[in-house]
Amino acid sequence: MKEIIDTDNIETYPLKLKNILQPYAENLYARCGKNIALDEYESIDISELNHLSESMSDFVFKAYHNTRVCSVESIKKEGIVLLKRESYLARMQKLLKECAVSKNEIMIFSKAIREYLNIGFENLREGCISFYMPKAQSQRYDAYAENFGGEIAKHALKDQYPSIYNYLKTNSEPITIEFAAPFSSFVKYRNDIFMAQLIKKYLISYIINKDFEFGFDSAVIKPILPEQIISIKHLDVLSF
């Protein structure tokens, strides 16, 4: 495993990454100056950053995924699988059967999930694993671990089918999975935003020497293998 970069800790940024960020940070600093409010450093033209993806492909970043599981051991053994509709439904249906849910309710559940995944942006979740960074963002993402099945099950079931939703909510354990994610596995449509965040982090924390709260969420398009997992910790879900 390559050296893992913690986006919130500038000391973990390797020299190669700093050399990539330096000219963009200096240009932004020259345009904006030192004395403006830190939240005003928004003048990065993210269209300029698309070409940086190739130079970033070798880097590995620390990322986090909140979820609910029936068995932490299964995550340790199998890692995190990509979201695929039929395998997702099979896992949910298995749990519902174990909870003695009726066949009719399981059919209702499956129909609701399929309909939700067919709506607009939600179909982009398929074939991915969501993540956020850094760790300080974890409690803002408690919804991802509110129930077994994550946000998809929550939005598809919670209001219309609360009894089915409650089975998923009460028969699983909320956890935060810390893992190493190669930049090459990130979904491409969010990469320019990630680069803009890195540039602002480098400028404010390294050049100006002030605090800057890095915050980013996206997804990876490759499964997380067991050897990529750094830690698994119980999540205190605030919304409960």
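**View 1. F61, F131, F183, F186, F194, F214 and F216 gather into one aromatic cluster.** What you're looking at is a predicted model: local features need pLDDT of at least 70, side-chain atom pairs count only at pLDDT 80 or more, and totals for chains, interfaces and linings use all residues. Residues are numbered from 1 along each chain as its sequence is written, and side-chain values use heavy atoms, with hydrogens and water left out. Rings of Phe, Tyr and Trp (its six-membered ring) are paired if their centres lie within 6.5 Å; planes under 30 degrees apart count as stacked, over 60 as edge-to-face and the rest as tilted.

**View 2. Y64 and Y132 form a stacked ring pair.** The structure holds 11 aromatic pairs. In the one shown here, the ring centres of Y64 and Y132 sit 5.8 Å apart with the planes at 20 degrees, so the pair counts as stacked. Y64 belongs to strand β2 and Y132 to strand β3 (residues 129-133), so this pair ties together parts that are 68 residues apart in sequence. (Helices, H or I with at least four residues, and strands, E with at least two, are DSSP runs numbered from the N terminus.) Y64 is buried at a relative accessible area of 5%, and Y132 is buried too, at 1%. Buried here means under 20% relative accessible area, exposed means over 50%, and partly exposed is in between (1.4 Å probe, protein chains only).

**View 3. F183 and F186 make a tilted pair.** The ring centres of F183 and F186 are 5.2 Å apart and their planes meet at 50 degrees, so this pair is tilted. F183 is buried, with a relative accessible area of 2%, and F186 counts as buried at 1% relative accessibility. Both F183 and F186 are members of the aromatic cluster from View 1.

**View 4. N66 makes polar contacts with Y132 and T176.** N66 has its place in strand β2, which covers residues 60-69. With a relative accessible area of 2%, N66 is buried. What does its side chain touch? The side chain of N66 makes a polar contact with the side chain of Y132 at 2.8 Å, and another with the side chain of T176 at 3.0 Å. A polar contact is a pair of N or O atoms within 3.5 Å; within protein, one must be able to donate a hydrogen and the other to accept it, and residues adjacent in sequence count only if both atoms are side-chain atoms.

**View 5. K16 meets D58 in a salt bridge and lies over the face of F59.** The structure has eight salt bridges, each a side-chain nitrogen of Lys or Arg within 4 Å of a carboxyl oxygen of Asp or Glu. Here the side chains of K16 and D58 meet at 3.3 Å, N to O. K16 is in helix α1 (residues 15-32) and D58 in the loop between α2 (53-56) and β2, so the pair ties together parts that are 42 residues apart in sequence. K16 is also 5.7 Å from the ring centre of F59; a charge sits over a ring if NZ of Lys or CZ of Arg is within 6 Å of the ring centre and within 35 degrees of the ring normal. K16 counts as partly exposed at 43% relative accessibility, and D58 as partly exposed at 40%.

View 6. The side chains of K62 and E178 meet at 3.4 Å, N to O. E178 counts as buried, at 12% relative accessibility.

View 7. K111 is exposed, with a relative accessible area of 52%, while E115 counts as partly exposed at 42% relative accessibility.

**View 8. A180 and V60 are 6.2 Å apart in space, C-alpha to C-alpha.** In sequence, A180 and V60 are 120 residues apart. A180 lies in strand β4 and counts as buried, at 1% relative accessibility.
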